[in-house]
Amino acid sequence: MNNKNAALHTVLIIGAGLSGLTLAYYLKKKGITARLLEARSRIGGRIFTSYQEGTAPLEIGATWLGKKHQALNNLLTELDLGIFEQILGDSAIYEPISTSPPQLVSLPPNNDPSYRIRGGSSILINTLVEKIGKENILLEQIVTNISSTTNGISVKTKTDEFQANLIVSTLPPFLLISTIEFEPNLPEALKKITAATHTWMGESIKVGLRYSRPFWRAENSSGTIFSNVGPIPEMYDHADAEEQYFSIKGFFNGAYFSISKKERLEMVLTQLEKYYGPQVRNFVSYEEGVWRNEPFTYAPYDQHVLPHQNNGHAIFSDVLMNGKFYLAGSETAEQYPGYMEGAVRSAQRVAKQIIENHSSLVS
Ligand SMILES: Cc1cc2nc3c(=O)[nH]c(=O)nc-3n(C[C@H](O)[C@H](O)[C@H](O)COP(=O)(O)OP(=O)(O)OC[C@H]3O[C@@H](n4cnc5c(N)ncnc54)[C@H](O)[C@@H]3O)c2cc1C
């Protein structure tokens with residue numbers, strides 16, 4: 001273990017997803033430089049865009065936002081990043097039951113469209129990294145212990161030890177209490193709520209296929225799919241903002257997390273073949289994200305937890321360990337918890353708490 005006692009960090013943020021990076025960005029604007037510890041070898045957490053030269057970027061994680069997501073929209077505007085509308089078209093392929101063929105159904109006008117981030121959701125992550133400085137993010141630092149000390153707070157990772165004045169966790173709350181040990185232990189009330197707090201999209205599987213042409217845009221067809229038969233329950237046109245490169249992307253039944261990628265791909269192609277014929281097999285590339293198999297997003301629950309259960313609970317705003325330990329992360333936001341909007345809002349809340357409670361840190 002490499003003890004980094006010599007460097008006393010003012011603020012350490014655990015997790016370099018949207019919450020952690022946004023918090024570091026807001027703190028930096030107030031003259032506070034935070035250091036981030038990230039378990040993965042990549043930045044972004046549940047935001048991950050797959051880029052492949054000369055093809056459409058594929059969102060493996062977060063994709064859509066709405067106009068109602070004001071904090072996120074404001075952040076995007078401040079960072080000079082654009083959005084574009086998700087294409088739904090005026091019809092969808094609909095498969096109600098396995099015993100009857102898929103149908104093409106008309107879609108009503110969409111008065112509340114969804115939007116995507118131009119260039120891919122990871123553009124937001126990469127822009128925040130540029131603002132806060134890559135040197136402030138330490139990758140492959142898997143936090144295992146957090147302890148209150150006489151002078152501050154200490155964090156152990158699998159390889160190193162760090163000392164700080166303040167620590168902020170941005171882990172999904174359930175992952176935090178399932179994977180990190182605390183000295184002294186966290187309050188019982190918090191542990192009880194957290195043990196039944198759902199990690200949004202933790203069980204999900206996303207699948208996407210890149211093609212050289214958008215054959216689903218033909219007459220009497222659509223790239224919007226709703227199926228009760230599955231294994232893909234919903235799928236959408238996923239061209240880039242410039243409509244230069246083409247792909248379709250959707251969700252895959254999360255129960256199939258333990259089969260191989262090859263088996264999932266074959267199931268994807270078999271379903272799409274029903275709608276579009278054998279041309280579906282001429283894809284440029286296939287990508288998937290099986291989030292349940294990601295130990296830095298998902299941990300198995302001991303009890304049945306409903307989607308969004310306890311997301312946004314007021315207890316997550318409590319400051320812990322004698323004012324030295326804060327909880328951020330999308331699931332801790334009182335509004336839009338679980339979503340990118342929640343991640344930004346949780347960062348705003350903790351930035352405000354730190355600035356108010358520790359005014360001597362602000363320069
Ligand atoms: C498949 C999928 C689709 C989604 N679709 C949408 C969507 O369309 N719209 C929307 O608004 N939201 C969507 N979301 C949700 C959105 O991605 C999240 O709300 C947001 O990205 C959460 O950011 P966060 O920083 O709070 O958490 P995370 O992104 O989970 O970040 C936590 C970070 O902590 C790190 N970490 C974990 N354990 C440790 C440890 N022990 N030590 C150090 N670091 C650790 C993780 O690696 C991660 O980088 C989707 C999520 C998924 C998975």
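Throughout this passage, Ala, Val, Leu, Ile, Met, Phe, Trp, Tyr, Cys and Pro count as nonpolar, Asp, Glu, Lys and Arg as charged, and the others, Gly among them, as polar. The structure is a predicted model, for which local features need pLDDT of at least 70 and side-chain atom pairs count only at pLDDT 80 or more, while totals for chains, interfaces and linings use all residues. Residues are numbered from 1 along each chain as its sequence is written.

The protein is divided into domain 1 (1-48 + 121-200 + 294-363) and domain 2 (49-120 + 203-293), with bounds that come from an automatic or database domain assignment. The centres of domain 1 and domain 2, taken over C-alpha atoms, are separated by 31 Å. To the contact between them, domain 1 brings 18 residues and domain 2 brings 22 residues, two residues being in contact if their C-beta atoms, placed from the backbone, lie within 7 Å. On the side of domain 1 that touches domain 2, α3 and α7 each supply at least two residues, and the largest share, 5 residues, comes from α7; helices (H or I, at least four residues) and strands (E, at least two) are DSSP runs, numbered from the N terminus. That side of domain 1 divides into 8 nonpolar, 6 polar and 4 charged residues.

Both domain 1 and domain 2 give residues to the shell around the ligand, so the ligand lies between them. Of the 43 residues around the ligand, Gly15, Gly17, Gly45, Arg46 and Ala62 come nearest, a residue being near a molecule if its C-beta atom, placed from the backbone, lies within 6 Å of it. Two or more residues of this shell come from each of the elements α1 (18-29), α4 (173-179) and α7 (340-357), and α7 gives the most, with 4 residues. By class, the shell comprises 21 nonpolar, 17 polar and 5 charged residues.

Helix α1 also packs with helix α3 (residues 122-132) at an angle of about 35°, the axes lying 9 Å apart; axes are lines fitted to C-alpha atoms, for helices over the stretch in contact, and angles run from 0 to 180 degrees between N-to-C directions. In this packing, Leu18, Leu21, Thr22, Ala24, Tyr25 and Lys28 of α1 meet Ile125, Leu128, Val129, Lys131 and Ile132 of α3, and the residues of the contact divide into 8 nonpolar, 1 polar and 2 charged.

Strand β6 (residues 91-95) is joined to the antiparallel strand β7 (residues 103-106) by 4 bridges, strands being paired if DSSP finds at least two bridges between them. Isoleucine 93 has leucine 104 in β7 as its bridge partner. Strand β6 is also joined by 3 bridges to strand β15 (residues 225-227), to which β6 runs parallel, and glutamate 95 stands opposite serine 227 in β15.
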